[in-house]
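Open the model in your viewer and keep the selection tool at hand. The stops below go one by one.

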Amino acid sequence: MGCALNPTKNSNMPAFLSKLWTLVEETHTNEFFTWSQNGQSFLVLDEQRFVKEILPKYFKHNNMASFVRQLNMYGFCKVLHIGSGIVKQERDGPVEFQHSYFKQGQDDLLENTKSKVSSSKPEENKILGLKA
Amino acid sequence: MGCALNPTKNSNMPAFLSKLWTLVEETHTNEFFTWSQNGQSFLVLDEQRFVKEILPKYFKHNNMASFVRQLNMYGFCKVLHIGSGIVKQERDGPVEFQHSYFKQGQDDLLENTKSKVSSSKPEENKILGLKA
Amino acid sequence: MGCALNPTKNSNMPAFLSKLWTLVEETHTNEFFTWSQNGQSFLVLDEQRFVKEILPKYFKHNNMASFVRQLNMYGFCKVLHIGSGIVKQERDGPVEFQHSYFKQGQDDLLENTKSKVSSSKPEENKILGLKA
DNA sequence: AACGTTCTAGAATATTCGTTG
DNA sequence: GCAACGAATATTCTAGAACGT
């Protein structure tokens, strides 16, 4: 049966998603991890602080690469910033990720987001979500 | 032992459930074994003390694993904690379990909770309880 | 670090096995984690200290259950201690595990020990090792 | 026969590392 | 170069199985 509940939303949502939601909703870290202005994506404004201060509190690692791997597993895509620098990038540009069912104020969309490898029926995994 | 009802010894309730109820109602162990704040689950706040001091008083063992096995047998589910990241040397997060018919103040729900393997008709075991 | 061979970093051995080997070879923790007298198995003499002091240094958790799960995955078996107490138990008996290719002084046996789920050919996984 | 205790395994998600396009 | 992915191992939670009372 639906066990291993997580307390945020009393559902069996994967831990990664509820953690990510909690993270981005946290107001005291908005300085370097927050929703984008229009709420359609989220931003890592200071990767160093994010990796050092946030990741180890919520996950069993402190590697940006592992965090990104999880994002990709759940269908998030990086938002590319083109032409944001001449040589390379002025400094490190912010890291931005987006998912069609992960938007500010719409935690209901998140409900049934699935991992790409979670279920045994592959065709149901490719994307995710029933509310669509 | 205080005023709390103690649904023991007067029914055909499995020993595990009445012991668990007694345990969590005990006020003098609330420091490390107690109801959660909203009474919807119970917490093991200090696993080491719980294992050494409480388990052997009620059961024929002092293994957390055996206790958890029984919880799962009766349909209890672990409550996941968002902030369970890299292990801190200092303190462990509490262990929390929940069951829809095991709630503070509602010992009547507990009455007919059944083990998942007790009956020979599997479909009747999945959950349990008639008062619902 | 003493004279014991340490079969790490120079092979494709899974991290769990090389860590386990390192652990049991460490002399300064022999007080509560060590080879058995005949070197055919290893002992956890103080589970609480082992869980708190050793596990988090080598793994991303501090749960005995997770450690045991890994041991079973690699084919280790618990060594049963019969008649280890009359009324209850004087103290806690030590936890002992054994594997036919994990023996003191024979790190060569360990070389090709495989997880039960690692390869895609199930029949080759059941046990393990090529040197036998 | 039901329940309790122990040891091992199943299944899902998480983390790492290396590859693909 | 680099975002996304495949695959192996690791961690977690729950269940199967054997045995005893």
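**Stop 1: a ring pair in chain C**

Select Phe76(C): its relative accessible area is 2%, so Phe76(C) is buried (under 20% relative accessible area, where over 50% is exposed and in between is partly exposed, with a 1.4 Å probe and protein chains only). This is a predicted model, in which local features need pLDDT of at least 70 and side-chain atom pairs count only at pLDDT 80 or more, while totals for chains, interfaces and linings use all residues. Residues are numbered from 1 along each chain as its sequence is written, chains are lettered from A and ligands numbered from 1 in the order in which they are written, and side-chain values use heavy atoms, with hydrogens and water left out.

Now turn to aromatic pairs in general. Rings of Phe, Tyr and Trp (its six-membered ring) pair if their centres lie within 6.5 Å; planes under 30 degrees apart count as stacked, over 60 as edge-to-face and the rest as tilted. Over all chains, the whole structure holds 42 aromatic pairs.

Select Phe16(A) with Tyr74(A). Their ring centres are 5.4 Å apart and their planes at 15°, so this pair is stacked. Phe16(A) sits in helix α1 (residues 15–25) of chain A, and Tyr74(A) in the loop between α3 (64–73) and β3 (77–78) of chain A, so the pair ties together parts 58 residues apart in sequence. Helices (H or I, at least four residues) and strands (E, at least two) are DSSP runs, numbered from the N terminus. Both Phe16(A) and Tyr74(A) are buried.

Go back to Phe76(C) and Phe102(C). Here the ring centres are 5.2 Å apart and the planes at 70°, so the pair is edge-to-face. Phe76(C) lies in the loop between α3 (64–73) and β3 (77–78) of chain C, and Phe102(C) in the loop between β4 (95–98) and α4 (107–110) of chain C, so parts 26 residues apart in sequence are tied together.

**Stop 2: the ring cluster in chain A**

Which residues do ring pairs link into a cluster? Among them are Phe16(A), Trp21(A), Trp35(A), Phe67(A), Tyr74(A) and Phe102(A).

**Stop 3: Ser41(C)**

Select Ser41(C), in the loop between β1 (33–35) and β2 (42–44) of chain C. Its relative accessible area is 4%, so Ser41(C) is buried. The side chains of Ser41(C) and Glu96(C) are joined by a polar contact of 2.6 Å. Such a contact is a pair of N or O atoms within 3.5 Å; within protein, one must be able to donate a hydrogen and the other to accept it, and residues adjacent in sequence count only if both atoms are side-chain atoms.

**Stop 4: chain B against chain A**

Contact (heavy atoms within 4.5 Å) takes 15 residues from chain B and 18 residues from chain A. The two chains bury about 1300 Å² between them, 68% of it on carbon and sulfur atoms. Buried area is the accessible area (1.4 Å probe) that two parts lose on being put together, summed over both. Select Leu80(B), Ile82(B) and Ile86(B): they supply 49% of the area that chain B buries against chain A, more than any other three residues.

**Stop 5: chain C against chain B**

Nine residues of chain C are in contact with eight residues of chain B. Between them, chain C and chain B bury about 820 Å², 35% of it on carbon and sulfur atoms. Finish on Asp92(B) and Lys52(C), whose side chains meet in a salt bridge (2.0 Å, N to O). That term needs a side-chain nitrogen of Lys or Arg within 4 Å of a carboxyl oxygen of Asp or Glu.
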